[in-house]
Amino acid sequence: MTREDAATIFERIALLLELKGENSFKVRAYRTGAEIVESHSGDIMKLAAENQLAGVKGLGEALRDKLHEMATTGKLEFYEKLKAEFPDTLFELFDVQGLGPKKVAALHAELGVSSIADLKRACESGEAAKLSGFGGKTVEKILESIAFREQHASEFRLDLVQPLVLEILEALRQHPNVSHAEVCGSFRRGKETVHDLDFLVATRKPEVVIEAFVQLPLVVDVIAQGPTKASVHVTHGVQCDLRAVSSKEFPFALTYFTGSKEHNVAIRQRALARGWSLNEYAFTPEREDAPVIPPIHDEAELYRALDLDFIDPELRENTGEIDAAEHGGLPRLIQLENLRGVFHNHTTASDGGATLREMAEAAHDLGLQYLGIADHSKSSFQANGLDEKRLLAQIQEIRALNVEMAEEGFRIFAGSEVDILKDGSLDFSDEIMGQLDYVVASVHNVFNLPEAEMTKRIIRAIENPHVTMLGHLTGRLLLQRPAYNVNVAAVIDAAAETGTIIELNASAWRLDMDWRWWKLAKAKGVKCSINPDAHSTHGLQAVIYGIKAARKGWLTRQDVINCLPLGEVEEVLRAKRER
Ligand code: DGT
Ligand code: CA
Ligand code: CA
Ligand code: ZN
């Protein structure tokens, strides 16, 4: 069990006790406990496992015991029992935007609301609006949030499906009757969310492999099973389809099931134009005078047979990739190995779970040469944003740690994620920002401005020469909260004019700016920074999602500033200020 899991359990206990009307002292103890577990600077789960928590301030004996139980057994009896007193669906309510624990408690106690379906009914009937603290605006916002979730009900974010894909692929590849296994569909194309997962295997014993697939431990139920295909639900309700084909058919099936549909249609037309039909199994001559079909062993040979360069799966959206593949114009896409460092990361100074030193060591262990720290600024008080005094102290702390880490060729850049205020002014003065190595400017509140005003607000912020890069441009939270109204094309133009870098926020919840805009941004000369927005050492891993999105946006290592090594990247950070 990770510290994040343990903290979530403490938070949920606090909520459930609150719903039961337990005394507020007890509730607060769990809430504080959650914060301590999240922000402790050492390996708190290890300490818990070894019964070494006595020195941790703020954790009473009851919580220490519970943490020990979680660290050693991976479960908490007390929580399991408490949870059983409530319907499972209750937890859905905590994901609804605009519903804090107080409101959930009121809805539950006074209207018996214990699921999103109940909530929707209570909002639509007008009952919810009568509760104290629930204006018409609140109800309207809740209904909007429910509608948005319903639209995306059967989609999943990458952080949820990535581990499933790895586990299933590993199991398929280890099967003695499987010669190749691949994930296809939207996941292979690097889409930001997926509806279902599509797997493909090459085998001579399809029935044996299909049977092994439906027996995998993470399979929850079998939707359909035939001799060459099956569909199942796995953990979290994710649907997984499997197709079994022969080795000879494999490249054709791989291309077909990778899609997209639009890309498939386009390459099928191209095949037809030379007299071959194309399906998931083969090329077949359509005319007597059709050219001879060459042997095809892999996808590259399939594309070559159509006089195309190999098209990376991320580009297969029929947005110009076929034309580029015909004329040698495909980009050489960025790879994870190209990253030399990461900007925009948080520490315990604001809302992160790891200290400066822990973050720096984790980045160094990942093989990176530098780490940019960008904790929140003072207006983000809910995220414990730093004021001027704390920021200046953090800069000193970074400079001191740099002296030590310089020996290992590692450097920490002192930055800040500075709030863009409602009118487009910034949370820190130029004088303060001038002391930082770089600044990420982001919108964190007042999301509901009309498009023109929001666009003006962001453009005003990036006109400041100290703003090195623009954070999560649209503020979307995938499957949870839509983007605010903003004219992205106008912001890209302003970024080009001012020499401002645009972030590709790599968090699986954001992937913002969206991949669909990067080709335009690149054409205008705007540079990208792939930023994990890490709130823990584990959070640094989010760069894998950012790399997928960047590839999907046709970006190469030349387009992404954090591919530059130490010694070169500094100049890019300074460039805008020196213009
Ligand atoms: P999603 O919605 O996230 O699951 O997206 P995909 O692209 O994974 O869609 P899915 O799972 O329905 O199908 C996987 C691939 O199979 C799709 O990308 C292209 C191929 N495919 C499925 N149905 C058709 C079809 O009717 N025509 C063509 N040309 N290709 C298809
Ligand atoms: Ca799919
Ligand atoms: Ca599918
Ligand atoms: Zn942010």
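In the predicted model, a polar side-chain atom of Asn264 is placed 3.4 Å from a nitrogen atom of ligand 1.

Two helix pairs were examined for packing. Helix α2, spanning residues 24-39, packs against helix α4, residues 61-73, at an angle of about 50°, and their axes are 11 Å apart. The two helices are therefore oblique to each other, and α2 passes α4 in a right-handed crossing. On the α2 side the contact is formed by Ala29, Tyr30, Gly33 and Val37, and on the α4 side by Leu63, Lys66 and Leu67. By residue class, the contact of α2 with α4 comprises five nonpolar residues, one polar residue and one charged residue.

The second pair consists of helix α1 (residues 3-19) and helix α6 (residues 101-111), whose axes come within 9 Å and cross at roughly 35°. The crossing of α1 and α6 is right-handed. Here Leu15, Glu18 and Leu19 of α1 meet Pro101, Val104, Ala105 and His108 of α6. The residues of the contact of α1 with α6 comprise five nonpolar, one polar and one charged.

Notes
Residues are numbered from 1 along each chain as its sequence is written. Chains are lettered from A and ligands numbered from 1 in the order in which they are written. This is a predicted model: local features need pLDDT of at least 70, side-chain atom pairs count only at pLDDT 80 or more; totals for chains, interfaces and linings use all residues. Side-chain values use heavy atoms; hydrogens and water are left out. Axes are lines fitted to C-alpha atoms, for helices over the stretch in contact, and angles run from 0 to 180 degrees between N-to-C directions. Helices (H or I, at least four residues) and strands (E, at least two) are DSSP runs, numbered from the N terminus. Angles under 35 degrees count as roughly parallel, over 145 as roughly antiparallel, 65 to 115 as roughly perpendicular and the rest as oblique. A crossing is left-handed if the near helix is turned anticlockwise from the far one by less than a right angle, and right-handed if clockwise. Contact means heavy atoms within 4.5 Å. Ala, Val, Leu, Ile, Met, Phe, Trp, Tyr, Cys and Pro count as nonpolar, Asp, Glu, Lys and Arg as charged, and the others, Gly among them, as polar. A polar contact is a pair of N or O atoms within 3.5 Å; within protein, one must be able to donate a hydrogen and the other to accept it, and residues adjacent in sequence count only if both atoms are side-chain atoms.
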